[in-house]
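Keep the sequence and the 3D view at hand while reading.

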Amino acid sequence: MEEYKIKTKVVGVDISNELTTYAIVDIRGNIIAEESFLTSGYSDVNNFVTALSDKIVNLVEANGGYETIRSIGVSSPSASSVSGCIENAANLPWKGIVPLSAMLRDRIGLAVGLSNDAHVSALGEFTFGCAHGMKNFIILSLGVGIGSCFFSAGDDHTGHNGYAGEFGHTCIVNRNGRACGCGHTGCLESYVGAAGIVNTAKELMTESDAPTLMRNLEKLSPRTIKECCDQGDEMAIEVYRRTGEMLGLGLANYASLVDPEAIILTGGISHAGKWLLEPTYQAFEEHVFGNLRGKVKILVSKLEDRERDVLGASALAWSVPEYSLFK
Ligand SMILES: [Zn+2]
């Protein structure tokens, strides 16, 4: 009788506008081997997928071979788990519809699962992070864009087309709102995203002549503004107060609709600490539906962003039906 070997490893891939990271992850969530390369080095998506396939194959061959790998999970901005495509990604080099899942499956010969970065972050947090054991929670990634995913009754809510959770593009300012990259005005992202925070700082410096360390900064960014807060700079603190006010208001609307156990903040801007969290929580409690007041936890993820996304992609890999040319 032929011995049946259980496949104990998967490959997790995280594609971001900056880096593409791929790793072999075992069934317990240990990262066995991991490598990265610059996404922007490939303007043609065919060359990108060929290079990614070759690199994955080399890593797999050096770490136990094909027979031990069950499947591949991929995280990417603007990816739909329903179509298996990256669709009109604003911040990636490839325009239009990219059938990434099929392209990778054809080249490597293993099952490929694809989902958008916010959903994969949520899977990572659910499987390995502070949402472990929770059935209803929201994960929010705060960076250049504002992505979100809602886990409902233990499952991620992907939506009919795979794009549920575009929280950054919900409108929070009715008239005279800021213009957003999506073509609308008044979107949450244009206030709470990285560029939005910088714009708030610029607005405050124009509104008043008061001294602020921000005027001496070589580069205004969420991180440098936060560093000014740490030194007690009143105007920088006001930047994050206004940011938190908008975020808390938006989250109160979100939570009032879906009644989550917790909201977990991830991404670079979540590291702003109390300067962001205190005004966010205050505005949240002010605006959330009364029966939920004091009941929804707002937490900051303990996982490092890239690690969570690679682990989340590995969790996605386990969820796709097994298929292999190399039985
Ligand atoms: Zn928008």
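Strand β4 (residues 69–76) and β8 run parallel, joined by 6 bridges. Ser76 has its bridge partner in β8, namely Asn116. Pairing here requires that DSSP finds at least two bridges between two strands. Strands (E, at least two residues) and helices (H or I, at least four) are DSSP runs, numbered from the N terminus.

This is a predicted model: local features need pLDDT of at least 70, side-chain atom pairs count only at pLDDT 80 or more, and totals for chains, interfaces and linings use all residues. Residues are numbered from 1 along each chain as its sequence is written, and side-chain values use heavy atoms, with hydrogens and water left out.

## The sheet around β4

The open sheet has 5 strands in the order β3-β2-β1-β4-β8, and its pairing is mixed. Axes are lines fitted to C-alpha atoms, for helices over the stretch in contact; angles run from 0 to 180 degrees between N-to-C directions.

Helix α1 (residues 45–61) packs on the sheet. It touches β1 (9–15), β2 (19–26), β3 and β4. Contact means heavy atoms within 4.5 Å. The direction of α1 makes about 30° with that of β2. Helix α2 (residues 100–108) lies across β1, β4 and β8, and runs at about 155° to β8.

## A second open sheet

Another open sheet of 5 strands has the order β11-β10-β9-β12-β13, with mixed pairing. Its edge strands are β11 (155–156) and β13 (297–300), each pairing on one side only. Strand β12 (residues 262–266) pairs with β13 in the parallel sense, over 4 bridges. Ala262 has Lys297 of β13 as its bridge partner.

Helix α3 (residues 117–128) lies across β9 (137–142), β10 (146–152), β11 and β12. It runs at about 50° to β10.

## Where α7 meets α8

How do the axes of α7 and α8 cross? Those of helix α7 (residues 234–258) and helix α8 (residues 274–287) come within 6 Å and cross at roughly 40°. The two helices are therefore oblique to each other. Angles under 35 degrees count as roughly parallel, over 145 as roughly antiparallel, 65 to 115 as roughly perpendicular and the rest as oblique.

The contact includes Tyr240, Leu247 and Leu251 in α7, and Trp275, Leu276 and Phe284 in α8.
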